[in-house]
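I opened the notebook to go through this structure step by step.

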Amino acid sequence: MKIKTIFIDGFGEQNEKLFSLDRPISIFKGSNEAGKTTVLEFIRTILFGFDKRKARKSEWFKPLRGGRHGGHIVIEKKDGSVFRIQRYQDRKENVSVLNDRGQDLGEHILQQIIGGIDREAFEQKYAFGIYDLGNTDDFDVNQKLYDAGPVSYTHLRAHETEADLVCRHLLEKK
């Protein structure tokens with residue numbers, strides 16, 4: 001599954017924003033308070049619902065600059081089929097899953113379209129922020145993430161081991 005477009009109608013500080021994601025990997029970058037986390041939470045919300053664990057649904061990233069609370073994303077599956085998933089929080093949460101002909105397939109088809117993945121797995125493997133990087137027990141994923149950075153995991157472990165040896169040596173002297 002690939003997210004092709006994101007349209008935020010109203011979600012936190014963001015409103016009437018359209019993002020076209022036409023590259024294999026999309027990275028949102030910007031200064032603090034630029035809206036990166038808001039976009040990430042928006043994607044999570046569209047796919048999995050307004051997060052009941054964190055706040056009342058009506059207050060979850062309530063639109064602060066106008067717009068209807070929610071929006072949509074357009075996804076393309078490997079087989080080329082395209083779906084528009086839209087979710088809005090009005091008096092109640094409204095979800096539509098539309099095919100490329102505009103037919104509403106119903107919310108029950110959403111899990112099938114996104115491959116049966118749940119919110120937690122999605123957050124750990126596919127859509128994560130800087131604070132999520134250490135929240136997985138999957139060693140391979142963590143190693144690849146560290147290796148993608150300016151200092152590889154292997155390099156970091158070598159320095160950590162060296163630091164441990166120096167500390168032991170200093171403690172033994174006392």
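I count a residue as buried when its relative accessible area is under 20%. With that cut-off, both Phe11 and Phe42 are buried. I note that the model is a predicted one.

**Entry: ring pairs**

How many aromatic pairs are there? I get four aromatic pairs. I then checked where the two residues sit. Phe11 belongs to strand E1, residues 2-11. Phe42 belongs to helix H1, residues 36-48.

Next I took Phe48 and Phe122. This aromatic pair is tilted, with 5.4 Å from centre to centre and 55° between the planes. It links distant parts of the chain, as Phe48 is in helix H1 and Phe122 is in helix H3, residues 119-125. I read the separation as 74 residues. Are Phe48 and Phe122 buried or exposed? Both of them are buried.

I also looked for a cluster of rings. Phe11, Phe42 and Phe61 are linked into one by ring pairs.

**Entry: a charge over a ring**

I looked up Arg68 and Tyr88 together. Arg68 lies over the face of Tyr88. The distance to the ring centre is 3.8 Å.

**Entry: Arg87**

Arg87 is found in strand E4, which covers residues 82-89. Is Arg87 buried or exposed? Arg87 has a relative accessible area of 3%, so I list it as buried. What does its side chain reach? The side chain of Arg87 comes to 3.0 Å from the backbone oxygen of Thr45. I also found a polar contact of 2.6 Å between the side chains of Arg87 and Glu93.

**Entry: E4 and E5**

I followed E4 on to its partner. A hairpin of three residues joins E4 to E5. The two strands run antiparallel, and seven bridges join them. Which residue of E5 stands opposite Ile85? I find Val97 there. I then checked how covered E5 is. Strand E5 spans residues 93-99 and is mostly covered. Six of its seven residues are buried.

Definitions and conventions: Residues numbered from 1 in each chain as written. Predicted model: local features only at pLDDT ≥ 70, side-chain atom pairs only at ≥ 80, totals over all residues. Heavy atoms only, no water. Helix = DSSP H or I, 4+ residues; strand = E, 2+ residues; numbered from the N terminus. Buried < 20%, exposed > 50% of the residue type's maximum accessible area, 1.4 Å probe, protein only. Polar contact = N/O pair within 3.5 Å; in protein donor to acceptor, adjacent residues only side chain to side chain. Pairing = 2+ DSSP bridges. Phe/Tyr/Trp six-rings, centres within 6.5 Å; stacked < 30°, edge-to-face > 60°. Lys NZ or Arg CZ within 6 Å of the ring centre and 35° of its normal.
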